[in-house]
Amino acid sequence: MSSMFRMVGKQLKTHPSLIPLFIFIGGGATMSMLYLGRLALKNPDVSWDHKNNPEPWNNIEPNQQYKFFTVNTDYSKLKKDRPDF
Amino acid sequence: MAYPLQLGLQDATSPVMEELIQFHDHTLMIALLVSTMVFYTILTTVTSKLTNKNMLDSQGIETIWTIAPALILFLIAMPSLRLLYMMDEVNNPHLTVKTIGHQWYWSYEYTDYKNLEFDSYMIPTQDLIPGQFRLLETDHRMVVPTDSPVRMLITADDTIHSWAVPTLGVKMDAIPGRLNQTTFVVSHPGVFYGQCSEICGANHSFMPISVEAIPLIHFEDWSTSMLAKI
């Protein structure tokens, strides 16, 4: 496993143009994995703990932002005009 | 609506569709520029009399043609993700309309206040009056007020259908047993057409959608008259 890295490191010394490739591919893969992890852990459609929190989608507040990014909607400014259960 | 020999997208009737058209123009321009450059490079390489048997590799050009495409893709991805999240936002709808796809017609339900339900069948070609559009007109149109966010709840009764109106930038599958939601705003009054967009049997091409947008002050007149008629 480490011999593979050493081989790649040796090739990089003679071909430094491959470094941007590692940066972009590595960065892309890292960002994808991080987003998948965020979806798995923070998405209210996913239930991990069947005993204590079986239906997380029932616990979202009307002014809670669960998406990664909002363009026009400021969730903190939304009215919370629904009763709590 | 669509016209013969049309190549591009239909003109936008909703703010989302305007954004979609801008994104499409941006991305297509990038794609055309890249294709032109590649085509030119291939053409000059193939028709050139020059030969260099000692050129093996070059670190400089390899770096450039790694970083430049990554940058171009980033410039496509940023507007794309922004538009994707923008299309998903909830916008406090003024009105909810339910539509159910059947073989082979759409039915619409306006149940916010009273129970208004009607079916929308295509007008057969032999029954068209002059000026009407073939395969697009329906006997009852889905009427919505202009400048009002409308929530559509879409499902189907039998097979999968898809409710689409290109000029509004709306397409959502109608799946039996599932309720799909989408929203749109109609910017100006008019009649806008779409067609079923998921193969659903013999008359899949003959169950169009027509949306009529009228100013809000007239909307209640229409719903009252429809309730009296149905």
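Q: How many salt bridges does the rule find across the interface of chain B and chain A?
A: This is a predicted model, where local features need pLDDT of at least 70, side-chain atom pairs count only at pLDDT 80 or more, and totals for chains, interfaces and linings use all residues. Side-chain values use heavy atoms, without hydrogens and water. A salt bridge here is a side-chain nitrogen of Lys or Arg within 4 Å of a carboxyl oxygen of Asp or Glu. By that rule, the number across this interface is 1.

Q: Which residue of chain A forms a salt bridge with D88(B)?
A: Let's look at the atoms themselves. The closest N and O atoms of the pair are 2.5 Å apart, and the partner of D88(B) is K67(A).

Q: What area is buried between chain B and chain A?
A: Buried area is the accessible area (1.4 Å probe) that two parts lose on being put together, summed over both. Carbon and sulfur atoms give 59% of it, and the total is about 1300 Å².

Q: Which residues in chain B lose the most area to chain A?
A: Three names answer this one. Together they account for 47% of what the chain B side buries: Q59(B), Y85(B) and E89(B).

Q: How many residues does the contact take from chain A?
A: Contact means heavy atoms within 4.5 Å. Chain B gives 13 residues, and chain A gives 15.

Q: How far apart do the C-alpha centres of domain 1 and domain 2 of chain B lie?
A: The bounds come from an automatic or database domain assignment. Chain B is divided into domain 1 (15-88) and domain 2 (95-229). Their C-alpha centres are separated by 40 Å.

Methods
Residues numbered from 1 in each chain as written. Chains lettered and ligands numbered in written order.
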